[in-house]
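Work through the exercises below with the model open. Try each task before reading its solution.

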Amino acid sequence: LQDVVGNLENKQYDVALLCMREAMYEAMQLALVASDVFVDRVKWVPLKFLNYCAHDLRFEELKNAYVMLCKSDLRSNDYCGEMVSNAIMVVQRTIEQINLGEWLL
């Protein structure tokens with residue numbers, strides 16, 4: 001996430017978006033593992049995560065951030081930067097909640 005923040009600060013929106021998508025995949029994989037969902041190949045993480053979220057709403061915020069980063073129109077640099085910034089906060093919150101065990105209560 002530090003790479004993402006640094007690239008946003010330098011207005012390197014394409015690089016920030018690419019790095020944020022990678023961080024998003026890592027966060028989704030962490031969410032799946034925390035939910036005892038087996039992930040055999042990294043390339044399937046987004047699909048497994050979306051399928052999992054269809055039945056469990058605990059990670060709805062992370063899912064919505066993923067949709068914004070990967071399915072919305074990010075041609076405007078300002079909008080892209082805003083969506084990446086929002087995604088950073090969502091990923092950080094998700095990781096903190098998983099690490100604190102709040103998802104497992």
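This is a predicted model: local features need pLDDT of at least 70, side-chain atom pairs count only at pLDDT 80 or more; totals for chains, interfaces and linings use all residues.

Residues are numbered from 1 along each chain as its sequence is written, and side-chain values use heavy atoms, with hydrogens and water left out.

**Exercise 1. Find which residues of helix 1 are buried and which are exposed.**

Step 1. Locate helix 1, residues 2–9. Helices are DSSP runs (H or I, at least four residues), numbered from the N terminus.

Step 2. Sort by relative accessible area: buried is under 20%, exposed over 50%, partly exposed in between (1.4 Å probe, protein chains only). V4, N7 and L8 are buried.

Step 3. Check their directions, taken from the helix axis to the C-beta atoms. The three buried residues cover an arc of only 100° around the axis, so they sit on the same side of helix 1.

Step 4. Turn to the other side of helix 1: Q2, D3 and E9 are exposed there.

Step 5. Look for packing partners, with contact meaning heavy atoms within 4.5 Å. The buried residues of helix 1 pack against helix 2 (13–34) and helix 5 (77–100).

**Exercise 2. State whether N7 is buried or exposed, and list what N7 touches.**

Step 1. N7 lies in helix 1. Its relative accessible area is 17%, so N7 is buried.

Step 2. Leave out residues up to four places away in sequence; N7 then touches Q12, V15, A16 and C19.

**Exercise 3. Describe how helix 1 packs on helix 5.**

Step 1. Two packed helices are described by the angle between their axes and the distance between the axes. Axes are lines fitted to C-alpha atoms over the stretch in contact, and angles run from 0 to 180 degrees between N-to-C directions.

Step 2. The axes of helix 1 and helix 5 come within 11 Å and cross at roughly 155°. Helix 1 is therefore roughly antiparallel to helix 5 (over 145 degrees; under 35 is roughly parallel, 65 to 115 roughly perpendicular, the rest oblique).

Step 3. List the contact: V4, V5 and L8 in helix 1 meet G81, V84, S85 and I88 in helix 5.

**Exercise 4. Repeat the analysis for helix 4 and helix 5.**

Step 1. The axes of helix 4 (residues 60–71) and helix 5 come within 9 Å and cross at roughly 155°. The two helices are therefore roughly antiparallel.
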